[in-house]
Amino acid sequence: MKEEAAHPVLNIAAWFTLAVIAALSIYLATRLNGQLVLETLHSGTFWSAVAVGFFAQAVDGALGMAYGVTATTFLLGAGASPAAASASVHIAEIFTTGFSGVAHLKYGNVNRQLFLRLLIPGMIGAVLGAIFITRFDGKALRPYVTAYLLLIGLYILARAFRKLRARSAEPRHVGKLAAFGGFVDAAGGGGWGPVVTSTLVGAGRDPRTTIGSVNFAEFFITVATAASFSLLAGPGIWVLVAGLVVGGLFAAPFAALLCRHLRARTLLIVVGLLITSLSAWNLYRALAS
């Protein structure tokens, strides 16, 4: 590991991440039986979810965003209710963000100071967002967040075609940004990566360490969100969850390695195009509905 990854605080965070994943895996294993496993392995829905989970996590791990958008779109298209889709994605993200974050740590993509500045405010924002969405309609926030992301995506694209200068100074207002990102993620059904990664990269942060740090912090935000919602999934969604998890676990190391070796300009262009296109489409759908 790189020097940054060898820091005791990051090692503790990594071991905690693996412990949570192990505990949840054991819990889920106690709910399985041989017949259910065989039915799952022979299910076309499961293997479709594996493919989507792989693609969604490859994008999210390499760019720091868009797992929730991709996976949720698939689940809704498969006929799941919005509540079941949200539950499935958040449960799956506990596994995928955890392994992705540890992979980023292994490849030296995590900046300790940035990670710590994101952690607590992001978790607080997630809890507040979960409380908010149980009392108000979180969908009302989406047009405003989408418009913001569209502007951020265009700004990132503009930066990608100018001379890149990494800033050595730490960005300001990271805590406020993390709290907002966590709130939007819980209240709007996603947005931690797009809001936080886009803003930090647009402000001049190094794309590689920004993506790695935001991705690792996302695990803890996901756990806080899932705990706040007290997710109780019905048996019908576990095939989807299993497929998303399996596909995501295979993609996590590949995505972290891809992030490490791609040039900063390339990452900026891909992030900018992804955010701009997704935001433009989502804004069109919000205004047309």
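A polar contact is a pair of N or O atoms within 3.5 Å; within protein, one must be able to donate a hydrogen and the other to accept it, and residues adjacent in sequence count only if both atoms are side-chain atoms. This is a predicted model: local features need pLDDT of at least 70, side-chain atom pairs count only at pLDDT 80 or more, and totals for chains, interfaces and linings use all residues. Residues are numbered from 1 along each chain as its sequence is written, and side-chain values use heavy atoms, with hydrogens and water left out.

**View 1. Thr 97 in helix α5 (residues 82-106).** The side chain of Thr 97 reaches the backbone oxygen of Glu 93 at 2.3 Å. Thr 97 is buried, with a relative accessible area of 1%. Buried means under 20% relative accessible area, exposed over 50%, and partly exposed in between (1.4 Å probe, protein chains only). Beyond its neighbours within four places in sequence, Thr 97 is in contact with Asn 215, Glu 218, Phe 219 and Thr 222. Contact means heavy atoms within 4.5 Å.

**View 2. The whole protein, with 12 helices and 0 strands.** Helices (H or I, at least four residues) and strands (E, at least two) are DSSP runs, numbered from the N terminus. Of the 289 residues, 49% count as buried. Among contacts between residues at least 6 apart in sequence, 85% join residues at least 24 apart. The protein exposes about 13,500 Å², and carbon and sulfur atoms supply 69% of it. Accessible areas come from the Shrake-Rupley method with a 1.4 Å probe; for residues, only the protein chains shown count as cover.

**View 3. Helix α6, residues 112-133.** The 22 residues of α6 should span 32 Å at 1.5 Å a residue; the end C-alpha atoms are 31 Å apart, which agrees. The expected span is 1.5 Å times one less than the number of residues. Asn 111 caps the N-terminal end: a side-chain oxygen lies 3.2 Å from the backbone nitrogen of Gln 113. A kink of about 25 degrees lies at Leu 119, shortly before Pro 121. The bend at a residue is the angle between axes fitted to the seven residues ending there and the seven starting there. Buried residues of α6 include Leu 114, Phe 115, Leu 118, Gly 122, Gly 125 and Gly 129.

**View 4. The largest nonpolar core, 40 residues.** Such a core is a set of buried Ala, Val, Leu, Ile, Met, Phe, Trp, Tyr and Cys residues joined through side-chain atoms within 4.5 Å. Those with the most contacts inside this core are Phe 115, Leu 118, Trp 192, Val 196, Leu 200 and Phe 216. The largest share of this core, 8 residues, comes from α10. Leu 118 touches residues including Val 174, Ala 178, Trp 192, Val 196 and Leu 200.

**View 5. Ser 213 in helix α10 (residues 207-229).** Ser 213 is buried, with a relative accessible area of 0%. Leaving out residues up to four places away in sequence, Ser 213 touches Asn 109, Val 110, Asn 111, Leu 114, Phe 115 and Leu 118.

View 6. Val 37 lies in α2 (residues 34-41) and is partly exposed, at 36% relative accessible area. Gly 68 is in α4 (residues 67-77) and is buried, at 16%.
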